[in-house]
Amino acid sequence: MAYIAPRGTVDILPGKSEQWIKLEQLLRTISANYNVKEMRTPIFEHTELFNRAVGDTTDVVSKEMYTFEDKKGRSITLRPEGTAGIARSYVENKMYALPEKLQKVYYMGPMFRYERPQNGRQRQFHQYGVEMLGVESPYVDVECMLMAITVVEALGLKDVKLHLNSLGDEESRDAYRAALQEHFKDCLDDLCYDCKQRFEKNPLRILDCKVDKNHPAMKNAPKTIDYLSEKAKAHFTKVCELLDDLEVEYEIDTNLVRGLDYYSHTVFEIISDDPKLGAGATVGGGGRYNGLVEELGGPATPGVGFAFGMERLLIALGDEDQDEEGLDVYLMPLGAEAKDLAMQIMTMLRANGFTCDMDYCDRGLKGQFKSADRFNAHFSLILGESEVENEVVNIKCNHTREQNVVKLENIVEFIENHYEGGHEHE
Ligand code: HAM
């Protein structure tokens, strides 16, 4: 039997993993730039957390979760997103009692959703997410959006747009919910089974139904923005003013409702029109969730955040810009004694901070030079019988093609002095 990876999962192999590391490093640098600290929560949580936080009428919870019973019969779910776990941990670790009222955290890691795999959509995928908890100010909404924009700009992604909407506070949503029920009540018979359930429980979810998305009633459905309370309207107006002052381009998208239940007030998405992803693909999204922490048993605490799909960022980035770093030294022993000595020299060079590798396959010079080439080695260090006898090595700089015979005790000094463009390691 041939073993293959489960559908919707991807192996990240050497050659590609370097791109991931680069992306991760960039995201860590941007996080530090915004004074956002890393937080790591478990990859699995009690199922009830997601039912509660994300909402059991959402597609994510009702159709896409990887849920199983553990050996003690507890229902466990592989996290489909990161916000619920962060909010749970915030409450459990009493982070609301910390002296700094605004807690800004980020996370990076795998998420799991049982979806139909396609370009940029997997069952195990990765998110970089940011959550800012504790302060209700529209300035913090804007801080989040600025950060999301910094990410796409730092990556040089073109054809991206910021879409923005407001779902309002509880008062606004009650009014909106009533308006939606009024709107859909006459065509309820035409809608799918799920929408009929949603109509009672959570009519907002009708708007992101994949089955009924082309139904005429969807097009002229009421808009959240027309049902905002005074307070919610003031919050949204301030968000827009701040973005205008900062000359951030955005588009108010009154159809934007997001697929998770915890949102209130500002919601936003970063949409890409890059053909590599397919027009209108969402690379990231987020919004405010003022009720979530309280819903999970904590004190009333506002929050706002966003997450990017890291696979989508990498697809949009494309395969250009892959200047893989080469090795400092590739050691080429010829014969058994030379191999022993090569291992000793290599260990010494590594201890001095050089990146090194050697041939373990007893190949001739030609084969070994090919490897030195593939590894883009700055120096080849050739060790034949006569070199072993005379306690020297033959060092070839693969850039200048110059060769020198160097005494064993002078290898480090020689390499340091002959490094074209300087050696970065200590
Ligand atoms: P989301 O919109 O469900 O939001 O997911 C955020 C991003 O994750 C999406 O824009 C997309 O790029 C990526 N994504 C989602 N599903 C998949 C998939 N199956 N394959 C590949 N990429 C995917 C959230 O998860 C919220 N927790 C964001 C947030 C944080 N809101 C407030 N704080």
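Visitor: Where is Asn35 found?

Guide: Asn35 is in the loop between α1 (17–33) and β1 (37–38). Helices here are DSSP runs of H or I with at least four residues, strands are E runs of at least two, and both are numbered from the N terminus. This is a predicted model, where local features need pLDDT of at least 70, side-chain atom pairs count only at pLDDT 80 or more, and totals for chains, interfaces and linings use all residues. Residues are numbered from 1 along each chain as its sequence is written, and side-chain values use heavy atoms, leaving out hydrogens and water.

Visitor: What about the phi of Asn35?

Guide: Asn35 has a positive phi of about 60°, although it is not a glycine. Most residues other than glycine have a negative phi.

Visitor: Which loop holds Asp362, and what is its phi?

Guide: Asp362 lies in the loop between β13 (356–358) and α13 (365–374). Phi of Asp362 is near 55°, again positive in a residue other than glycine.

Visitor: Asp362, buried or exposed?

Guide: Asp362 counts as exposed, at 58% relative accessibility. Buried means under 20% relative accessible area, exposed over 50%, and partly exposed in between, with a 1.4 Å probe and protein chains only. Asn35 is partly exposed at 47%.

Visitor: Switching topic: Asn165, buried or exposed?

Guide: Asn165 counts as buried because its relative accessibility is 0%. Asn165 is found in strand β7 (residues 160–166).

Visitor: What does the side chain of Asn165 reach?

Guide: The Asn165 side chain reaches the backbone oxygen of Asp253 at 3.5 Å.

Methods: Polar contact = N/O pair within 3.5 Å; in protein donor to acceptor, adjacent residues only side chain to side chain.
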